[in-house]
Amino acid sequence: MNNKIIIINGPNINLLGEREQSQYGTINFDQLNKICKKKSVDLGLEVEFKQSNIEGDLVNIIQDSRKKFDGIIINAAAFTHTSVAIRDALEIFKKPIIEIHMSNIYKREEFRKKSLISDVATGGIFGLGDHGYILAIISMQKLLKK
């Protein structure tokens, strides 16, 4: 079974717990990292957890992931709505990709309702807070079993 995944987080995810708790809850970035790693280990997955506020860094992480990882879980955050470069890098990945957002982007401002990466993702999870990451890990494990 393929079992190496990467969870990639975009801008401002490092400030979880401090920002807009009504949208993102009270969990902080380190806590999110820990629960994701624990769930991954429980499911027999090796996981790497990354975050950057810089678009080019995220593109490099995605490109480097092609040879190292069997699947990507990505919360591109604000870059979801603006980055063709991240979309293009994901399209080149050619393995399972799960798009995730802690808030429901379809219930927010108009400009957030358009995802540039949804059409290259295998699937998406929106609006379930930090629990969405756990669901994404479970889903990825099932995708990689096939």
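Two residues are in contact when heavy atoms of theirs lie within 4.5 Å. With that in hand, welcome to a short tour of a predicted model, where local features need pLDDT of at least 70, side-chain atom pairs count only at pLDDT 80 or more, and totals for chains, interfaces and linings use all residues. Residues are numbered from 1 along each chain as its sequence is written, and side-chain values use heavy atoms, with hydrogens and water left out.

**Ser-115 and its surroundings**

- Ser-115 sits in the loop that links strand S4 (97-101) to strand S5 (123-126); strands (E, at least two residues) and helices (H or I, at least four) are DSSP runs, numbered from the N terminus.
- Apart from neighbours within four places in sequence, Ser-115 is in contact with Thr-80, Glu-99, Ile-105 and Tyr-106.
- Its side chain makes a polar contact of 2.8 Å with the side chain of Glu-99, and the side chains of Ser-115 and Ser-118 are joined by another, at 3.0 Å.
- A polar contact is a pair of N or O atoms within 3.5 Å; within protein, one must be able to donate a hydrogen and the other to accept it, and residues adjacent in sequence count only if both atoms are side-chain atoms.
- Ser-115 has a relative accessible area of 8%, so it is buried (buried is under 20%, exposed over 50%, partly exposed in between, using a 1.4 Å probe and protein chains only).

- Helix H5 (residues 131-145) has 15 residues and spans 22 Å from first C-alpha to last, close to the expected 21 Å (1.5 Å times one less than the number of residues).
- Buried residues of H5 include Tyr-133, Ile-134, Ile-137 and Leu-144.
- The buried residues of H5 pack against strand S1 (4-9), helix H2 (29-42), strand S3 (71-75), S4 and S5.
- H2 and H5 pack at about 25°, their axes 10 Å apart (axes are lines fitted to C-alpha atoms, for helices over the stretch in contact, with angles from 0 to 180 degrees between N-to-C directions).
- H2 and H5 are therefore roughly parallel (under 35 degrees; over 145 is roughly antiparallel, 65 to 115 roughly perpendicular, and the rest oblique).
- Where they meet, Leu-32, Ile-35, Cys-36, Lys-39 and Ser-40 of H2 face Tyr-133, Ile-134, Ile-137 and Ile-138 of H5.

**Two positive phi values**

- Most residues other than glycine have a negative phi.
- Ala-77, in the loop between S3 and helix H4 (84-93), has a positive phi near 50°.
- Lys-94, in the loop between H4 and S4, has a positive phi of about 65°.
- Ala-77 is buried, at 12% relative accessible area, whereas Lys-94 is exposed, at 68%.
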